[in-house]
Amino acid sequence: MSESKRRTAILLVSCVDQPGLVSAVSSFIHEKRGNILTLEQHVDRAEGIFFMRVEWDLSDFELDEEGLRTAFGSYLAKPKGMEWALHFSDDKQRLALFASKEPHCLVDLLARQESGELNVEIPVVIGNHRKLEGIAERFGVDFRHVEVTRENKESAENEQKRILESYEIELIVLARYMQVLSGRFVSWYPNRIINIHHSFLPAFAGARPYHQAYRRGVKVIGATSHYVTDQLDEGPIIEQDVIHVTHRDSVSTLVRRGRDLEKVVLARAVLAHAERRVLVCRNRTVVFD
């Protein structure tokens, strides 16, 4: 069986730092005949918290999924006070894309999924406008229009939740969705909503940030992708990047280059989440390579 087809288990762990954690986890896997493929760990010294991501080949592993969960929980997780999550490489996450009128992030993610670059399923796009419906159709993805206004926001979010549940969605990606989600909606999907925005905030908050940046003669522009919380644009950051610009760049050039960067940064964030490489601690993330 090829390396890419082998079924693997992925274990994410966080707990209070203490001696012997790496040894305990790796020994547990080794004793059950698991072949560790990657093991990464990090200690936040300021907080005294240990983080680990370990992935191993299940070809000769002695425990089935239920047995693994039971054994690890009983013998290691509970005695060590671990918060942990177990995933398997053949479990594709089901994503919903929320979009408004700008197509660049939507098209990019759908294309990456279609090409196999993103090992996820995207069964539905939810839009508060119909402008991008044709793009979803071209990729063979269902489109659901849910109009959102100040007056109907609660009922609209209830309808969005109903749609998400009907498609068994695990992760929501805001592909330049120009509506602020309520705290109630965000609470339904903690650390399961990813957003993208330019990195001018808060210096260039509000409308037309690239025009503001142009007037100030900025030398770099950037993009930030993060988990959504009830504090607007202040959730745990997953991915960021910047590019250099000069006085020669017009507003339209800044917009174009900014959109290109937004696509890449959002895709990296979604990929990191899909590959189970992100651990959240308070309002920060640990993102393993």
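This is a predicted model: local features need pLDDT of at least 70, side-chain atom pairs count only at pLDDT 80 or more; totals for chains, interfaces and linings use all residues.
View 1. Helix H5, spanning residues 153–166, contains 14 residues and reaches 20 Å from its first C-alpha to its last, which is close to the 20 Å expected at 1.5 Å a residue. Its buried residues are Ala 156, Glu 157, Gln 160, Ile 163 and Leu 164, and, seen down the axis of H5, these buried residues fall within an arc of 115°, so they line one face of the helix. An α-helix has 3.6 residues a turn, so residues three or four places apart point the same way. The partners against which the buried residues of H5 pack include strand S8 (171–174) and helix H6 (183–188). After H5 comes Glu 168, with a positive phi near 55°.

**View 2. The open sheet of seven strands.** The strands follow the order S7-S6-S5-S8-S9-S10-S11, and their pairing is mixed. Strand S7 and strand S11 (237–244) stand at the edges with a single partner strand each, so one side of each is left without a neighbour in the sheet. On average, and with direction ignored, neighbouring strands of this sheet are turned by 20° against each other.

**View 3. Pairing of strands S9 and S10, with helix H8 on the sheet.** Strand S9 (residues 193–198) and strand S10 (residues 220–227) pair in the antiparallel sense over five bridges, and His 198 stands opposite Ala 223 in S10. Helix H8 (residues 251–274) packs on the sheet, where the strands it touches include S9, S10 and S11, and its direction makes about 150° with that of S11.

**View 4. Cysteine Cys 281.** A search of the whole structure finds zero disulfides. The sulfur of Cys 281 lies 11 Å from the closest cysteine sulfur, that of Cys 15, which is too far for a bond.

Conventions:
Residues are numbered from 1 along each chain as its sequence is written. Side-chain values use heavy atoms; hydrogens and water are left out. Helices (H or I, at least four residues) and strands (E, at least two) are DSSP runs, numbered from the N terminus. The expected span of a helix is 1.5 Å times one less than its number of residues. Buried means under 20% relative accessible area, exposed over 50%, partly exposed in between (1.4 Å probe, protein chains only). The arc is that of the directions from the helix axis to the C-beta atoms. Contact means heavy atoms within 4.5 Å. A disulfide is a pair of cysteine sulfur atoms within 2.5 Å. Two strands pair if DSSP finds at least two bridges between them. Axes are lines fitted to C-alpha atoms, for helices over the stretch in contact, and angles run from 0 to 180 degrees between N-to-C directions.
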